[in-house]
Amino acid sequence: MNKMIELYPIWLRIWHWFNAGNFLLLLLSGMVLHFPEATLGILSFPTARMLHNLCGVLMAVGYGIYLINSMLTRNWRHYLPEHKGFVPRMLAQIRFYAVDIFQGKPQPFPPTVCAKFNPLQQVTYLGVMFGLVPVLVVTGILFLFPEYAPDQILDRGGIWPLALLHQATAALLTAFLVGHIYLATAGETPASEFRKMLTGEQIRDDA
């Protein structure tokens, strides 16, 4: 008899919600730092700066823990798209989100123990977790310790390119967050995917 496996282990769920809360606080404090007039005095500038620095450090620590656990549990393998037949599978997934979902058709690639993510999720999460997040963490650390930042980049002061890169990366991650939340409502019910990330979701190991 095949055993039941937790699709989202407890360490991943704790990290997921910890990281989500951290990112929202970073987004709020970052908006106060850059657009204080538009944020209606939600936070004072010194409080926003302290909160941004604290949450940035917590995000960096959390990301390090995520990487270590992903290596130890081989969670990283779920992010790697299977090369063979990738394009047809990607097109099928895009068609599902664009057309089939509104006709009540089932997911073409439901999660399994061996393949937790669909092809579109794999490509997106791979870029986010191993591209955008490291850039955000590294540029944030260099902001916190500017003495370690390059003196010059492209014949200009070293800080301003880092600032542009940090803000552009934060904007892309914010866009990802909006899309992530929207697509999370595309499960069997609008709340089912959120429930899975809270309970872990037990599925049968058919491997």
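Predicted model: local features only at pLDDT ≥ 70, side-chain atom pairs only at ≥ 80, totals over all residues.
Residues are numbered from 1 along each chain as its sequence is written, and side-chain values use heavy atoms, with hydrogens and water left out.

**Exercise 1. State how many helices and strands the chain has, and in what order they run.**

Step one is the count: the chain has 6 helices and 4 strands, where helices (H or I, at least four residues) and strands (E, at least two) are DSSP runs numbered from the N terminus. Step two is the order, which from the N terminus on reads β-α-α-α-α-β-β-α-α-β. Step three is the extent: along the principal axes, the C-alpha atoms of the chain fill a box of roughly 60 × 35 × 30 Å.

**Exercise 2. Describe how α1 and α2 are oriented to each other.**

Two packed helices are described by the angle between their axes and the distance between the axes. Here α1 and α2 pack at about 155 degrees with their axes 8 Å apart; axes are lines fitted to C-alpha atoms, for helices over the stretch in contact, and angles run from 0 to 180 degrees between N-to-C directions. The two helices are therefore roughly antiparallel, given that angles under 35 degrees count as roughly parallel, over 145 as roughly antiparallel, 65 to 115 as roughly perpendicular and the rest as oblique. The crossing of α1 and α2 is left-handed, that is, the near helix is turned anticlockwise from the far one by less than a right angle.

**Exercise 3. Work out which orientation α4 has to α2, and which residues make the contact.**

The angle between α2 and α4 is about 140 degrees, and their axes lie 10 Å apart. That makes α2 oblique to α4, and α2 passes α4 in a left-handed crossing. On the α2 side the contact (heavy atoms within 4.5 Å) includes N53, V57 and Y63, and on the α4 side it includes M129, F130 and L144. By class, this contact has 13 nonpolar, 1 polar and no charged residues; Ala, Val, Leu, Ile, Met, Phe, Trp, Tyr, Cys and Pro count as nonpolar, Asp, Glu, Lys and Arg as charged, and the others, Gly among them, as polar.

**Exercise 4. Characterise the largest pocket by volume and lining.**

A pocket, on a 1 Å grid over the protein atoms alone, is an open set of points where a 1.4 Å probe fits, with protein on both sides within 12 Å along at least five of seven lines, and lining residues have an atom within 4 Å of a point. The largest pocket has a volume of about 1,300 Å³. Of its 47 lining residues, H16, Q121, Y125, H180 and A184 are the closest to its centre. The largest share of the lining, 9 residues, comes from α5, and the lining has 33 nonpolar, 9 polar and 5 charged residues.

**Exercise 5. Characterise the second largest pocket in the same terms.**

The second largest pocket holds about 860 Å³ of space. It is lined by 29 residues, of which L26, G30, H34, H52 and H166 are the closest to its centre. α2 gives the most to this lining, with 8 residues, and the lining divides into 19 nonpolar, 9 polar and 1 charged.

Technical notes: Points joined across faces, edges and corners; volume = space filled by probe spheres on them.
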